[in-house]
Amino acid sequence: MSHMENIKEKYTIRVTESGVVIQKGDKTRLEFTPVEALMLLDILKNEESAIKRMAEEATPLPTRIRFR
């Protein structure tokens, strides 16, 4: 079995009228108000290059994330 066959969706991210909900497969939920979600987005944007570097170092496969 290849590594790619073991990949599963671990999180579901939904944008709702009341903010953003991130739900893990085991039903653990994180809920963010719109202001909190924007703060999280800002932090992630500021750390994007470091996060990409860590992801590249953590896996031998090329990492590409596509947004629709």
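Select Lys27 to start: at 59% relative accessibility, this residue counts as exposed (exposed is over 50% relative accessible area, buried under 20%, partly exposed in between, with a 1.4 Å probe and protein chains only). Lys27 lies in the loop between β2 and β3 (29-32). Its phi is near 80°, a positive value in a residue other than glycine.

The model is a predicted one, in which local features need pLDDT of at least 70, side-chain atom pairs count only at pLDDT 80 or more, and totals for chains, interfaces and linings use all residues. Residues are numbered from 1 along each chain as its sequence is written, and side-chain values use heavy atoms, with hydrogens and water left out.

Next, select residues 11-16 and 19-24. These are strands β1 and β2, paired in the antiparallel sense over six bridges. Strands here are DSSP runs of E with at least two residues, numbered from the N terminus, and two strands pair if DSSP finds at least two bridges between them. The two strands form a hairpin, with two residues between them.

Buried or exposed? Gln23 is buried, with a relative accessible area of 19%. Now show Arg29: its side chain makes a polar contact with the side chain of Gln23 at 3.4 Å (a pair of N or O atoms within 3.5 Å; within protein, one must be able to donate a hydrogen and the other to accept it, and residues adjacent in sequence count only if both atoms are side-chain atoms).

Definitions and conventions:
Helix = DSSP H or I, 4+ residues; strand = E, 2+ residues; numbered from the N terminus.
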